[in-house]
Amino acid sequence: MYYITVKAPLRYHQMSLEELLYGRKNVPLFVGSDSATRTYEVEQVSDRFTSGLYVDWLISLLDKFNRETQPLREGDIHQHYHHFAIPKSNGKLRWIDAPDDELKKALRNLKDMFETEFQFNKNSAFQTAWYHTSAFAYIPRRSPKDSLKRHQTNESRWYGKLDAKNFFGSTTLDFAMHMLSMVFPFCEICRTDRGTEALRKALALGFLDGVLPQGTPLSPTLTNIIMIPIDYRLSNTLRNFQNQTYVYTRYADDMLISSRYTFQIQQIVKLAETTFREFGAPYILNKEKTRYGSSSGSNWNLGLMINKDNQITVGYKKKKQLQTMLSAYAMDRKNGVRWSYEDLAHLDGVKGYCRQVEGETIDRILAHLNGKFGFDIEKAIAADKQSF
């Protein structure tokens with residue numbers, strides 16, 4: 001089977017008779033998202049798609065990339081990486097393999113090639129895409145909040161969360177090539193030995209010790225591409241599974257499944273494991289992170305919560321922390337205490353993150369503090385950052 005993913009057309013709002021008669025304002029021009037995609041599973045790729053595809057040109061781009069990056073392949077690739085750890089929310093460490101500037105630039109060029117030239121088609125009727133509509137990580141105009149909105153719109157009450165253990169570190173070059181041979185337009189490149197060899201050589205530069213390193217520009221895009229068939233299978237199956245409708249989204253290695261009604265999480269676990277086996281995927285679910293519960297409890301997902309009122313929130317503690325930080329900054333500024341650029345940037349980042357999720361609430365907090373301290377805190381932060 002082959003999988004063709006195209007950008008979904010925008011669904012424009014249909015004006016009702018009431019809106020026409022009374023001229024309702026603030027009606028959205030279109031509904032849905034301009035980043036949504038639609039995936040088709042086909043036995044053969046039709047001429048409608050291949051006629052607008054320049055396979056030889058794409059292979060020539062890969063050949064050019066391989067020639068230009070040959071010096072990187074001749075030495076020890078390990079010398080182009082530095083390794084460090086960042087703390088995870090559970091207190092453990094996440095190890096990052098970060099490429100140096102030379103390798104990073106090369107892998108970013110390959111990433112951009114996959115996201116642009118490989119998605120171009122001269123036929124204006126469609127444009128191919130490099131991710132399934134259920135994927136939300138590392139995609140422009142998509143965020144954790146956008147992922148949760150899918151479940152919020154469904155008014156889901158029960159949630160199951162699955163986690164693929166060592167997601168990047170389990171992805172091998174052989175598996176990536178196997179999946180790409182099913183995903184358009186890569187499947188057309190893999191039809192010839194020359195195309196297969198060029199694609200494999202290009203991809204090999206992005207692997208370290210046989211697996212995808214976590215920390216390169218290429219790894220996130222590549223995993224979204226190779227997960228298209230798996231995302232498609234899980235999403236389609238769960239639309240009507242065990243006589244029940246589910247919503248499925250994936251944010252990197254986190255898979256979130258929800259429904260309006262209670263369900264057996266082990267049935268979902270079994271479905272995911274079966275799907276992995278069907279595609280020969282090397283991924284294993286982390287049973288310690290498998291979670292199931294309702295929105296009446298602590299329904300945290302991707303650092304956000306959908307509460308019992310079906311609202312997406314950063315949580316009381318996060319908002320209280322932000323208010324405390326803003327108050328401390330305002331008090332110090334009035335007393336002539338200057339904050340460092342790093343502390344200002346951190347405060348600005350927390351404020352921006354919270355506002356992205358709960359804009360009206362954060363605006364109310366700021367309005368209250370502005371009145372309390374007698375100046376515009378946001379403008380002050382911006383001015384202080386600018387002074388460095």
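Buried means under 20% relative accessible area, exposed over 50%, and partly exposed in between, with a 1.4 Å probe and protein chains only. All views show a predicted model, where local features need pLDDT of at least 70 and side-chain atom pairs count only at pLDDT 80 or more, while totals for chains, interfaces and linings use all residues. Residues are numbered from 1 along each chain as its sequence is written, and side-chain values use heavy atoms, with hydrogens and water left out.

**View A. Asn 243, a loop residue with positive phi.** At 79% relative accessibility, Asn 243 counts as exposed. Its loop runs between α12 (228-238) and β8 (247-251); helices (H or I, at least four residues) and strands (E, at least two) are DSSP runs, numbered from the N terminus. Phi of Asn 243 is near 60 degrees, a positive value in a residue other than glycine. For context, most residues other than glycine have a negative phi, and most peptide bonds are trans.

**View B. Asn 310, in the loop between β13 (304-306) and β14 (312-313).** Here too is a positive phi in a residue other than glycine, with a value near 65 degrees for Asn 310.

**View C. The cis peptide bond between Phe 184 and Pro 185.** Omega is about 5 degrees for this bond. Look for Pro 185 in the loop that links α8 (173-180) and α9 (186-189).

**View D. Ile 96 in strand β6 (residues 93-99).** With 11% relative accessibility, Ile 96 counts as buried. Leaving aside neighbours within four places in sequence, Ile 96 is in contact (heavy atoms within 4.5 Å) with His 82, His 83, Phe 84, Ile 86, Gln 214 and Gly 215. For a sense of scale, the C-alpha atoms of Ile 96 and Ser 298 are separated by 30 Å, and the two residues are 202 apart along the chain.

**View E. The largest nonpolar core, with 78 residues.** A nonpolar core is a set of buried Ala, Val, Leu, Ile, Met, Phe, Trp, Tyr and Cys residues joined through side-chain atoms within 4.5 Å. Leu 62, Phe 114 and Leu 199 have the most contacts inside this core. Not counting residues up to four places away in sequence, Leu 62 touches Leu 110, Met 113, Phe 114, Phe 118, Ile 189, Ala 198, Leu 199 and Ala 202. Another core, of 27 residues, lies apart from it and includes Ile 306, Ile 312, Trp 339 and Leu 369.

**View F. Helix α14 (residues 316-334) packed with helix α16 (residues 359-373).** Their axes, lines fitted to C-alpha atoms over the stretch in contact, with angles from 0 to 180 degrees between N-to-C directions, lie 11 Å apart at an angle of about 25 degrees. That makes α14 roughly parallel to α16, as angles under 35 degrees count as roughly parallel, over 145 as roughly antiparallel, 65 to 115 as roughly perpendicular and the rest as oblique. Residues making the contact include Leu 322, Leu 326 and Met 331 of α14 and Ile 362, Ile 365 and Phe 373 of α16.

**View G. Helix α15 (residues 341-357) crossing helix α17 (residues 377-386).** The axes come within 10 Å and cross at roughly 140 degrees, and α15 and α17 are therefore oblique to each other. Tyr 341, Leu 344, Leu 347, Asp 348, Lys 351 and Arg 355 of α15 make the contact with Glu 378, Ile 381, Asp 384 and Lys 385 of α17.
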